[in-house]
Amino acid sequence: MRQIMISLAAAASLAGPVLAQDFVEPKHDIAWNRYYDVEQVHDHMRRLARAYPQLIDLEVIGKSGQGRDLLMATITAPGDDDRSKPAMWIDGGIHANEIQGVEVALYGLWYLATHYGQTDDITELLDDYTFYILPIVNPDSRAVWFSEPSTSSNHRANQMPIDSDRDGQIDEDSWEDLDGDGSITQMWKHVPGDGDWDRDEDDPRIFTRTEAGKRGDWRYLGREGVDNDGDGRVNEDSTDGHDMNRNWPGDWQPDYVQRGAGAYPFSAPETRAIGEFCYDHPNLAAFQSFHNTGGMILRGPGTDYRQGVYPRADLRVYDRIGEVGELLLPYYNYWVIFDDLYNVHGGEATWAAEALGIISFTNELWTGGKYFQRDVRPTQENLWLFRDRLQFGQVFTDFTEVEHPQYGDILVGGLNKWSSRSTPTFMLEEECHRNFGFTSLHADSMPKVTFDRVAVEKMAGNLWSVKVELTNEKIIPTRTARAQQAGIGTNDILELDAGRGSVVASGSMRNWFDTQMSETRHEPGRVQLPGGVPGEGSVIHRFLIEAPEGTRLTLKYTAEKAMNQEMTVELRD
């Protein structure tokens, strides 16, 4: 793929309008101006796999708490072993209410499949790398969010039954859709002179706080629901369980420190299945998860005391990718989780960075700047303009009178579950495409190592010098500084098989013309490279070999996160 990481100035050109895509005729087309439930997403994945069997393999890597498939796609060039290449993990929907993460992940699979062999950059991407894509991490809650009345913010957690209000009962006091509109909206009680809210005379959809020192005519009662267990509270024990983005081993903390963490790391079957897969695939060199909302490209650490876990060499890689990402994704900010957002223990992306030792990002999709695509702060007034003139009132339910068993006559209505957080459907394809552009940028930064130069020199008699240079043309090293720091994974190996001869000594060199070498004292013919091959850098090694002229040597390079390389060299003066 063309080198796009040279400078931010060069990368700025990528932030312009994307080209029309109709020059590629998909074998399975998907509409990107709508959202899909679990069954529909899985159906699209199966159709894509049938349409592109040479590219896509589907695998159920585990089951959700309610027994739904965790359906993952592996996509790489035809005939290639997926484990033989550096790989990227992509997932979405760990928080089920953050719905567009699923579509963005699915879009990546679709775009890679439909453009392989049609678009040079995508073809090269799949020739060089593997992608493991799990669009839906939390299928149980996504199923509930789509099929049952919900808010824009509930069903973030999984559907593990727990006693949220600690009254000895489980999931007994969830939301109720009192007006039957398919969403959980608001409840208001008219209490003339005894409230703290006023209703707008010109636009009755709007309630505003009463001025300090005055009394209003309305009282806000919360989200739709009734007190099912008679404890005086409403909606306090729903079907939602643990927050699976707090359930990972990287800096996990128990529930009393961070609510929703679960009983122990990987206690959720969904996170455990992903963890087992990732640990079983050491070729993973990049990690991307999709959430919403706020328009952010996030990296770790999740807490300030973990800053030492991110060495400077790795931060330079994060910054190179993140700063270009800000150009590709208008109104997005490249931020650090703990410093710019809030503290997170046991997050998925920080686990990937800290425990797997790979470059990992979380994208928070959708941001207020996208409403009008200019630097206009979203206000109540102009948001209503957007809802009325671009969404045509579809995200609001008119207030209606309802007889409530505890509160009597109330009003129910307001903004529905589609009104915030989720990308408006007419803007969804752009959101998917730009985020895939960032993801492919991240993927195209994974290591790509080749034998660059080899020089053979006869020293005296049957003694020969062989110099070899391994070069990584990408910015991510084959072993990150974090992997070196924590001893994660295995070292890269450079071997020389001398055939009829023997390797009598070897050592590393600072540059190609260096006259000295740092000796490899053990196994000179099988050299450990604990630092791997640096990003946009090289490793130079010299072997001294005793062998007759004409001997054929074999050079081998093996690594977890780069393609293995092999070449032969003949000893000739």
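Below, we go through the backbone, some side chains and the helix pairs.

Modeller: Ground rules first: this is a predicted model, where local features need pLDDT of at least 70, side-chain atom pairs count only at pLDDT 80 or more, and totals for chains, interfaces and linings use all residues. Residues are numbered from 1 along each chain as its sequence is written, and side-chain values use heavy atoms, with hydrogens and water left out.

Colleague: Okay, which residue does a cis peptide bond join to Asn292, and what is omega there?

Modeller: Most peptide bonds are trans. Look in the loop between β9 (284–292) and β10 (296–299), where helices (H or I, at least four residues) and strands (E, at least two) are DSSP runs, numbered from the N terminus. The partner there is Thr293, and omega is about 20°.

Colleague: And what is omega for the cis bond of Gly300 and Pro301?

Modeller: Pro301 sits in the loop between β10 and α7 (312–328). The peptide bond joining Gly300 to Pro301 is cis, with omega about 5°.

Colleague: What is the relative accessible area of Glu536?

Modeller: Glu536 is another non-glycine with a positive phi, about 50°. It lies in the loop between β20 (526–529) and β21 (537–546). Glu536 is partly exposed, at a relative accessible area of 41%.

Colleague: Which backbone oxygen lies 2.9 Å from a polar atom of the Arg479 side chain?

Modeller: Arg479 is in the loop between β16 (463–472) and α12 (481–486), and is buried with a relative accessible area of 6%. Its contacts (heavy atoms within 4.5 Å), not counting residues up to four places away in sequence, include Asn491, Asp492, Leu529 and Pro530. The oxygen at 2.9 Å belongs to Ile488.

Colleague: Arg142 next: which backbone oxygen lies 3.1 Å from its side chain's polar atom?

Modeller: Arg142 is in helix α5 (residues 139–147) and is buried, with a relative accessible area of 2%. Leaving out residues up to four places away in sequence, it touches Tyr36, Asp37 and Glu103, among others. The backbone oxygen in question comes from Ile99.

Colleague: Is α6 roughly parallel or roughly antiparallel to α9?

Modeller: The axes of α6 and α9 (residues 348–355) are 13 Å apart at an angle of about 25°; axes are lines fitted to C-alpha atoms, for helices over the stretch in contact, and angles run from 0 to 180 degrees between N-to-C directions. Angles under 35 degrees count as roughly parallel, over 145 as roughly antiparallel, 65 to 115 as roughly perpendicular and the rest as oblique. So α6 is roughly parallel to α9.

Colleague: Which residues of α9 does α6 meet?

Modeller: On the α6 side, the residues are Ile274, Gly275, Cys278 and Tyr279. In a helix with 3.6 residues a turn, residues three or four places apart point the same way. The partners in α9 are Glu348, Trp351 and Ala355.

Colleague: How do α7 and α11 run relative to each other?

Modeller: The axes of α7 and α11 (residues 428–443) come within 10 Å and cross at roughly 160°. That makes α7, relative to α11, roughly antiparallel.

Colleague: And which residues of α11 make that contact?

Modeller: From α7 the contact uses Ile321, Val324, Gly325 and Leu328. The residues of α11 are Arg434, Gly437, Phe438, Leu441 and His442.

Colleague: Last one: which strands are included in what covers the buried residues of α10?

Modeller: The buried residues of α10 (380–389) are Asn382, Leu383, Trp384, Phe386 and Arg387. Their cover includes β13 (396–404) and β14 (408–415).

Methods. Buried < 20%, exposed > 50% of the residue type's maximum accessible area, 1.4 Å probe, protein only. Polar contact = N/O pair within 3.5 Å; in protein donor to acceptor, adjacent residues only side chain to side chain.
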